[in-house]
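Thanks for coming, everyone. Please bring up the sequence and the model, and we will walk through them together.

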Amino acid sequence: MSEAVPEAAEAVTEPDVASLHHVCRELAGAAEAVREAARHASRLALGPRLPAAAGPRRARAARRRLLRTLLDPRGFGWAPHGRTPLAGAVWLAGVLTSRESLAVSLAVTGLKARIRAAAVRHPELLADPTTSRVLRAVDEDRQAEAVRVFKGLLTEKGAEYALSLLAPSFADIMAWNALTDENPFNDTAGWQIATNRPLTSDFFFGTPSAVWSFLDRGRGRAEPHTPTAELLERIDTSGTIVGYVRNIGHLGTRGLLLVQQVSGPDGTRRFVVQLAGMGKGFNQEGPQDLVGSCNAMGSADTAYTRAVRRALHRLVPSGSELALVGHSQGGLTAMNLASSRDFNALYTVTHVVAVGSPVDHKRAADPRTRVLSLVNEHDIVPSLEGRSPVSAFGLPAEFTEFTWKDDTHAFPLCHAAERYAHNLEHDVPHARTHVDSELAAFRGRVTGTHLFTLHDR
């Protein structure tokens, strides 16, 4: 990594981001192809037998050649891969002794190119001396030093500032660390981030999604909530995205759900469902907790989605058009509902608006559902599912993503619903105008304001 340079020189010396992104995608594809080849070689070399062998002697010779190719740095590197116990044991030995395969080397090179591209878009990453040292250590494959400097950054700047500053590259840095450290449990997550695949485990500890699903087993319950006069007075009825996000901020993270019934410009009755994000705590009585958030990233069926379904069943007639607007975990829940075929059989989900949410690997069941993702690039939460807001990888046609750089380099302030509302109102009017245009059918007279308290059980 190079040091920050004067602005005049930067235009000459900084690499082209589009070219770097092209290289990132090519390296990810090459890494997957090499890994697949290594998997086939492992199956032959470490499996029970070689198929269609011409004889025992030739089979043994072929097995030796395959093993040399799998373990030779001039071949696949240390690349045993597969489901056989022997392949798993040899792979684990390589992880614990810091051996690297060709596929991992390609994936790591791609991650470093992505981190470099993020630093071009966010020069503050290199302008800050400590983050610059982190990125330089990553670029030079000095894993222990990168971890040490990162810990120093947390101590020196505080976690709030450090996580916000590194947010554009945080997922890629964590994936690089997972693929270069000696911890075998986080390798899968590192590989999935490097190749732009949905995460099936978290990249901190490698906890499988099935564990979070087991912990988040609540059936979901919803009870009508009688709001205070003060809350009712604060609820926005303008039908704008700024108003919806402000409403979510007013709901807080205490398990409240807001559903506004609207008579649209054409007289049709529609509903806007507004979902708040995660509250404090590991496993609360309500579905908005850390366990629920971790489960929502890997699963579409969570205690939060089950509770929201129960609320909507009490209020919304089958066949109604819905717009789902969610912040943080609420945005994840909105996408999980939209991805459910059963939910789409009951309602027509025309739009999902995810605000500061890690939803990039989620897909709506109905291809006509429009998905709008709004991301502050210094908010670390949207990248927790592995795709950075400055990613080299695009999104499908039904997605519209707006990202921006905000001067609030402090987490969780930059993640707050109130801050997103401020950004939309004052900093990114083009995003606000586009979303309001998309939701024009829901902009009418509010004929009902309904609140529910959600519970796990």
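**Cavities, pockets and the sheet**

S357, D360, S373, V375, P382, S383, R387, S388, P389 and E401 line the second largest cavity. A word on where this comes from: it is a predicted model, local features need pLDDT of at least 70, side-chain atom pairs count only at pLDDT 80 or more, and totals for chains, interfaces and linings use all residues. Residues are numbered from 1 along each chain as its sequence is written, and side-chain values use heavy atoms, with hydrogens and water left out.

Back to that cavity. Its space is about 40 Å³. A cavity here is a set of points, on a 1 Å grid over the protein atoms alone, where a 1.4 Å probe fits but cannot get out; lining residues have an atom within 4 Å of a point. A volume is the space filled by probe spheres set on the points, with grid points joined across faces, edges and corners. The lining of this second largest cavity splits into three nonpolar, four polar and three charged residues. By class, Ala, Val, Leu, Ile, Met, Phe, Trp, Tyr, Cys and Pro are nonpolar, Asp, Glu, Lys and Arg are charged, and the others, Gly among them, are polar.

How many cavities of 30 Å³ or more are there? The count is two. The largest cavity has about 80 Å³. It has 15 lining residues, and R114, D172, S388, S391 and A392 lie nearest its centre.

Now the pockets. A pocket is an open set of points with protein on both sides within 12 Å along at least five of seven lines. The largest pocket holds about 1,300 Å³. Its lining counts 45 residues, with M278, L290, S293, V381 and L384 nearest the centre. Which element gives the most to this lining? Helix α15 does, with five residues. Helices (H or I, at least four residues) and strands (E, at least two) are DSSP runs, numbered from the N terminus. By class, the lining of the largest pocket has 24 nonpolar, 16 polar and five charged residues.

The second largest pocket has about 580 Å³. R35, W91, V95, V104 and D187 lie nearest its centre, among 25 lining residues. Here α4 supplies the largest share, five residues.

On to the sheet. Eight strands form an open, mixed sheet, in the order β1-β8-β2-β3-β4-β5-β6-β7. Two strands pair if DSSP finds at least two bridges between them. At the edges sit β1 (221–224) and β7 (399–404), each pairing on one side only. Strands β4 (321–327) and β5 (348–355) run parallel, joined by seven bridges.

Helix α19 (417–427) lies across β4, β5, β6 and β7, at about 100° to β6. Contact means heavy atoms within 4.5 Å. Angles run from 0 to 180 degrees between N-to-C directions, with axes fitted to C-alpha atoms, for helices over the stretch in contact.

S328, in the loop between β4 and α17, has a positive phi near 60° without being a glycine. Is S328 buried or exposed? Buried, at 9% relative accessibility. D141, in the loop between α7 and α8, also has a positive phi, about 60°, and is not a glycine. D141 is partly exposed, at 44%. The cut-offs: buried is under 20% relative accessible area, exposed over 50%, partly exposed in between, using a 1.4 Å probe and protein chains only.
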